[in-house]
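Open the structure in your viewer and keep the selection panel at hand. The stops below go from one whole chain to its parts, and then to its partner.

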Amino acid sequence: MLVRYIAKRLGLGILQLIGLVIGVFFIIRLLPADPVARLVGMNASPQAYAQAAHQLGLDRPLLTQLAIYLGFEPSVQPGLLQGSLGASWVTDSLVMSEIAQYLPVTITLVTLSFLLVLIVAVPIGMLGALNPGGRTDKGVFIYSLFAGSQPEFWWGLLFVYIFFFRLGIAPAPLGSLSPMTDPPAPITGFLLIDSLLEGQWSVFVEALDHLMLPVVTLAFVLSGPIIKMVRQNMLRALRSDFVLYADCVGLPRDIIARYALRAAMAPSMTLIGILYGFMLGGAVLVENVFSLGGIGQYAVRAVLAFDYPVIQGVVLVITAISLLVYLALDLFHAAIDPRIIV
Amino acid sequence: MATVDVDTETASAARPRRRVDALFVLGLAIVVVVAILAVIGPWIGAYDPTLTTPDVSAPPPSLTELPGLMSTWLAGGPAPHFLGTDTSGFDIFSRLMAAPRTDLVIALSANGLSLVFGLLLGLLAGYFRNFVTELLMRVSDVLQSFPVFISAMVLVALAGRSTANIVIALAFVYTPIYIRLTRAEVLNQKNRGFIEAARALGNRELTIALRHVLPNSLAPALIQSSVTIGFAILLTAGLSFVGAGVRPPTPEWGLMIASGANEIILGEWWSSVFPGIAISITVFGFAVLGDALERRNEA
């Protein structure tokens with residue numbers, strides 16, 4: 001039963017991915033951008049222009065280009081079916097290996113931010129829900145509206161000004177490590193993990209130090225929707241029958257609160273998962289402020305340079321990860337509530 | 001006395017209570033101020049928001065300097081730079097006041113477009129359930145699960161960084177929300193008695209959908225508008241910040257923050273801080289208003 005469920009979900013996900021790949025392929029080619037002119041410059045001779053277009057494969061008919069990208073013409077160049085996302089038009093290196101280099105930065109940033117939010121948001125949301133309508137609850141509610149509607153890039157800059165320029169307790173927003181430090185040899189690609197594996201404790205601490213402000217910035221804007229959701233789910237759980245029963249039996253308040261929290265967390269996990277997938281691309285602005293070199297910054301560079309293979313690759317990878325996160329969440333749900341799989 | 005108390009209680013329970021909601025008033029006030037600035041903003045500042053001045057990177061004057069600067073101004077001298085100037089010499093106060101026209105016009109038009117498309121498609125998807133509308137829902141699922149910032153950035157950068165293209169891109173990324181909201185409400189409405197009555201009277205299905213179902217399914221989408229307009233302002237500013245939005249020297253808050261982003265490490269805080277406060281308050285206002293409207297609708 002479970003295997004069939006997973007297979008069905010994976011199948012649907014792959015169909016969605018194929019649809020997305022083809023959709024993105026046509027949308028970016030139908031928009032009036034001219035990547036060839038961007039590459040060779042405005043004053044290039046018609047011959048140079050034609051040669052560049054030929055090199056990029058843009059002189060072929062659209063459907064042939066699509067077939068090559070999908071991997072139906074492996075004699076020309078490997079495509080998706082061969083597990084290749086193509087090569088960047090700007091740097092000439094493989095999109096896959098570039099993504100493998102940038103993605104861990106973003107995953108680290110987003111994961112640490114979510115951990116921080118969960119540690120802070122769950123108690124705050126509970127605090128509001130335990131006394132609905134009270135002064136604390138109103139404060140929590142207004143805070144969640146405020147944090148959820150903020151320009152994160154501006155807060156990042158503001159934190160840089162306060163904690164780097166004024167107080168001098170944060171490093172300059174110029175990357176994941178200071179330019180003087182040699183990064184550890186990549187094993188997993190995750191700076192924090194690699195530095196630990198290689199026993200470079202000082203590099204680990206430095207990387208954490210450089211992540212501090214970006215994580216706080218992202219956690220701040222994320223805390224808005226998450227606190228709001230925890231509060232709502234908690235309110236709903238506290239109104240349910242089993243809580244009423246526990247109350248009647250005379251159980252102490254903190255035990256009731258723990259019961260309600262467990263019931264409130266299941267629906268909360270769904271939204272957290274959706275937000276997580278969203279943030280892989282939504283962390284762009286924070287990455288930019290702190291020059292972290294994550295996948296969002298990579299996407300910005302590719303978009304501004306009309307680097308089509310990179311744009312397609314980033315969209316595909318981010319969506320694939322989101323779909324996997326959704327699937328994992330659904331399985332998690334199914335594990336605690338078997339009624340879902342019918 | 002006791003009976004009077006009971007009477008007022010039952011009366012207030014029967015009638016939906018219309019308390020003055022402080023948050024509603026706050027949100028509305030912010031939105032109204034921004035709307036007024038969108039109309040008269042460009043004429044408030046003493047300087048042209050799109051022209052540079054010879055003063056480069058001038059910090060905002062301190063409160064003690066202000067009276068002196070004001071009297072020179074009144075005596076026919078140059079106007080003071082109330083919030084300083086940025087590295088190009090633009091007067092920050094003048095640009096700050098002029099920016100709502102750019103930001104709000106983009107946000108309102110994008111929201112209007114996506115609202116119209118979302119309502120119509122949502123109505124179709126909810127009222128006529130078939131293969132085509134199911135496909136529409138799956139497509140909007142995929143669109144909705146993808147980070148709006150990246151979608152909007154790709155569309156704007158490849159279509160060309162014009163105001164019209166920003167509006168179209170934002171409308172594109174926000175339409176799925178309205179499709180979903182409207183469809184849910186249409187599903188809720190279409191089995192009601194008055195729809196049955198309209199059908200019994202011999203109305204055509206399309207007429208019923210447009211004249212009877214649609215007007216009764218508007219509320220969720222209209223309420224969402226306030227929140228979406230706020231997010232559209234955030235997105236517009238973010239696009240300008242990474243260089244995929246409006247072009248300088250258009251007065252726009254995100255562009256203003258970007259122009260000061262490199263100097264803030266060096267301590268030149270004023271070019272980024274003031275426009276950021278403006279965005280922060282504005283979007284908060286729209287979010288608060290949207291939330292208050294939602295609670296009113298539920299009550």
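Helices (H or I, at least four residues) and strands (E, at least two) are DSSP runs, numbered from the N terminus. This is a predicted model, in which local features need pLDDT of at least 70 and side-chain atom pairs count only at pLDDT 80 or more, while totals for chains, interfaces and linings use all residues. Residues are numbered from 1 along each chain as its sequence is written, and chains are lettered from A and ligands numbered from 1 in the order in which they are written.

**Stop 1: chain A**

Select chain A and colour it by secondary structure. There are 14 helices and zero strands, and from the N terminus on the elements run α-α-α-α-α-α-α-α-α-α-α-α-α-α. Along the principal axes, the C-alpha atoms of chain A fill a box of roughly 85 × 60 × 40 Å. Chain A has 342 residues, of which 37% count as buried (20 or more other C-beta atoms within 10 Å of the residue's own, with C-beta atoms placed from the backbone).

**Stop 2: the two domains**

Now select residues 39-88 of chain A as domain 1, and 96-149 + 215-340 as domain 2; the bounds come from an automatic or database domain assignment. Taken over C-alpha atoms, the centres of these two domains of chain A are 39 Å apart. Five residues of domain 1 are in contact with six residues of domain 2 in chain A (C-beta atoms, placed from the backbone, within 7 Å). On the domain 1 side, two of these residues are nonpolar, three polar and no residue is charged. Here Ala, Val, Leu, Ile, Met, Phe, Trp, Tyr, Cys and Pro count as nonpolar, Asp, Glu, Lys and Arg as charged, and the others, Gly among them, as polar.

**Stop 3: α5 and α6 of chain A**

Select α5(A), residues 95-130, and α6(A), residues 135-147. Their axes, lines fitted to C-alpha atoms over the stretch in contact, lie 7 Å apart at an angle of about 135 degrees, with angles running from 0 to 180 degrees between N-to-C directions. Show A:Ile124, A:Gly125, A:Leu127 and A:Gly128 in α5(A), which meet A:Thr136, A:Asp137, A:Val140 and A:Phe141 in α6(A). This contact has four nonpolar residues, three polar and one charged.

**Stop 4: the side facing chain B**

In chain A, 39 residues are in contact with 36 residues of chain B. Of the elements on this side of chain A, α7(A) gives the largest share, eight residues. The chain A side divides into 28 nonpolar residues, 11 polar and no charged.

How values were computed. Two residues are in contact if their C-beta atoms, placed from the backbone, lie within 7 Å. A residue is buried if 20 or more other C-beta atoms lie within 10 Å of its own, exposed if 12 or fewer, and partly exposed in between; C-beta atoms are placed from the backbone.
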